[in-house]
Amino acid sequence: MVVLKGKSVFHDVCMGKIVFYKRKEHTIKRYKVEDTEGELKRFREAKETALAQLKELYNRTVADVGEANAAIFEIHQMMLEDLDYVESIENIITSQQVNLEYAIGATSDNFSAMFSAMDDAYMQGRAADVKDVSERLLAVLLGEEESLNQLTEPVVIAADDLVPSETVQLDKSKVLGFIMQNGSTNSHTAILARSMGIPAIVGLGEKLCEDYNGKKVVVDGFDGAVYIDPDSETEARMQEKMQQAKAHKEMLQELKGKENVTRDGRKVKIFANIGKTADLANVLANDAGGIGLFRSEFLYLENDDYPTEEQQFAAYKQAAETMAGKTVVIRTLDIGADKQADYFKLDKEENPALGYRAIRICLTRTEIFKTQLRALYRASMFGNIAIMYPMITSVEEVRQIKEIEKEVREELKKEGIPFKEDVETGIMIETPAAALVSDELAKEVDFFSVGTNDLTQYTLAIDRQNQNLEPFYNPHHKAILRLIQMAADNAHAEGKWIGICGELGADTALTEEFLRMGIDELSVSPSMVLEVRKKVRELDLS
Ligand code: PEP
Ligand code: MG
């Protein structure tokens, strides 16, 4: 038995087989072949397998997130069957008498260069698709399992760390837990694990290596321990822990339908954070009072190109309708830093967390921003949508946003497209600057929501992605709590409400302090809603 220790991000226990995920890096060699017929046959077979994978992916994505988001896998199927693409690969094999892998690589490079050079933005976006389709063929030829979206049984995912564009591919129904070499408790893998309510240990270091692929593992999210090839005594002990965790979950279920009220009668709203519409079922199952943060950037991350207005409208409408009149706070695009989508073509930056991200992209690439706002306003007709803006640092930014909002509303009016006039708009308080000028910001918006993940990062100057800084990471630091208090006082002075949607909102060691500060809403991972409700109901503030 091997025991590894790391940082736990969710309290639960799981047992299963390790699948070690390694990012694909295909290095292609060119060599001469005599049997070109044999290469052509291999091509036909690989193509059939890839097509079958894409069909399966399409069906699963339709079920998960709807037709609009699944369309990309249909496009990929068409590309694989595109005559020019197929002929190019076949011609390279026969005319140069070379291997299939080389022919695929060369075709991929040629076609993607051709698409990139086109004037039309849509066609430029197809460059990434050709590459993707070609990578799929190569993976089939190399006998690689499609590691993240082709899991055949429930497993424990091991990796260095997963970036958001990788987590969106995961077939979540097949993930029992995560064990990561790197990653901090605030990383996106950690947030995903919490939202799925499954055990995850981060920061296990290089000792967690590929040799353990396929081995049996127990992940103890209570102690931050990972047991590889567990002995029978450990396994028995962990079985018991699993039973206890199950009993605790069942006890929490009894809190469904109950109020979030302290013993002395203080009420607080407990909402849920989501990344995609597939999470809505979890929100309902955990009886959240609304959605306090819909991270809309995940719609962009799971796409190979800018999601269209229709695609976005469908997702926002679905959220609004599912929540049936309850508040749904949708945060506008927060791309950049650790959330990268290739098609944005963002420059590599020295300090991405301090760089061109979130509202800074929206205010400078207004066509992207306006498309999203149009979709949001249109969806406002189907429920109680509120719009929230990320990474605000100044009143000037908010005024610029208001100008753009106004233009969008005027355009919609001109086109006779209905929308609600009184959509609430709010901002994230996730920079110290925003907290410090929150007296002025409160006059401009309807609500604040504190993003403690970034507020901690920027206040303590601690990169949220850097596990080496964990010893210095103190989310309970007075500086952060004072900034939250300041924002709460300033919001209330203007009669506005304030919530917390960062991970700290679910930290039950702080629930009492947050309520004493006057926080009106806590938005937490769906799996934490009932846990926080339990805590609130145990408190007496009198
Ligand atoms: C935050 O910063 O606390 C937050 C909620 O936003 P994200 O984690 O998506 O950056
Ligand atoms: Mg943030």
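**How exposed is D229, going by its relative accessible area?** In this predicted model, D229 is partly exposed, with a relative accessible area of 39%. D229 sits in the loop between strand 8 (225–228) and helix 8 (232–253). Take a look at its backbone too: phi is positive, about 50 degrees, although D229 is not a glycine. For background, most residues other than glycine have a negative phi.

**A461, another non-glycine residue with a positive phi.** Here phi is about 55 degrees. You'll find A461 in the loop that runs between helix 17 (452–460) and helix 18 (478–493). With a relative accessible area of 67%, A461 counts as exposed.

**Helix 14, from residue 395 to residue 414.** This helix has 20 residues and reaches 29 Å from its first C-alpha to its last, close to the 28 Å expected. Its buried residues are V395, E397, V398, I401, I404, E405, V408 and L412. An α-helix has 3.6 residues a turn, so residues three or four places apart point the same way. What covers the buried residues includes helix 12 (359–364), helix 13 (366–379) and helix 16 (438–444), along with strand 12 (384–389) and strand 13 (424–429). After helix 14 comes G416, with a positive phi near 70 degrees.

**Y316 and the largest nonpolar core.** The core has 88 residues, and the ones that touch the most other members are Y316, F344, F448, I484 and F514. Zoom in on Y316 and, leaving aside residues up to four places away in sequence, you'll see it touching F294, S296, L299, I330, Q372, A375, L376, A379 and I385. Another core, of 31 residues, lies apart from this one; among its members are L54, L57, I89 and F115.

**Where domain 1 meets domain 3.** The domain assignment gives domain 1 (2–23 + 148–250), domain 2 (36–141) and domain 3 (266–538). The centres of domain 1 and domain 3, taken over C-alpha atoms, are 28 Å apart. At the contact, 22 residues of domain 1 face 22 residues of domain 3. About 1800 Å² is buried between these two domains, with carbon and sulfur atoms giving 48% of that area. Across this interface there are 2 salt bridges.

**A salt bridge up close: K7 and E470.** The side chains of K7 and E470 meet here, at 3.7 Å from N to O.

How values were computed. Residues are numbered from 1 along each chain as its sequence is written. Chains are lettered from A and ligands numbered from 1 in the order in which they are written. This is a predicted model: local features need pLDDT of at least 70, side-chain atom pairs count only at pLDDT 80 or more; totals for chains, interfaces and linings use all residues. Side-chain values use heavy atoms; hydrogens and water are left out. Helices (H or I, at least four residues) and strands (E, at least two) are DSSP runs, numbered from the N terminus. The expected span of a helix is 1.5 Å times one less than its number of residues. Buried means under 20% relative accessible area, exposed over 50%, partly exposed in between (1.4 Å probe, protein chains only). Contact means heavy atoms within 4.5 Å. A nonpolar core is a set of buried Ala, Val, Leu, Ile, Met, Phe, Trp, Tyr and Cys residues joined through side-chain atoms within 4.5 Å. Domain bounds come from an automatic or database domain assignment. Buried area is the accessible area (1.4 Å probe) that two parts lose on being put together, summed over both. A salt bridge is a side-chain nitrogen of Lys or Arg within 4 Å of a carboxyl oxygen of Asp or Glu.
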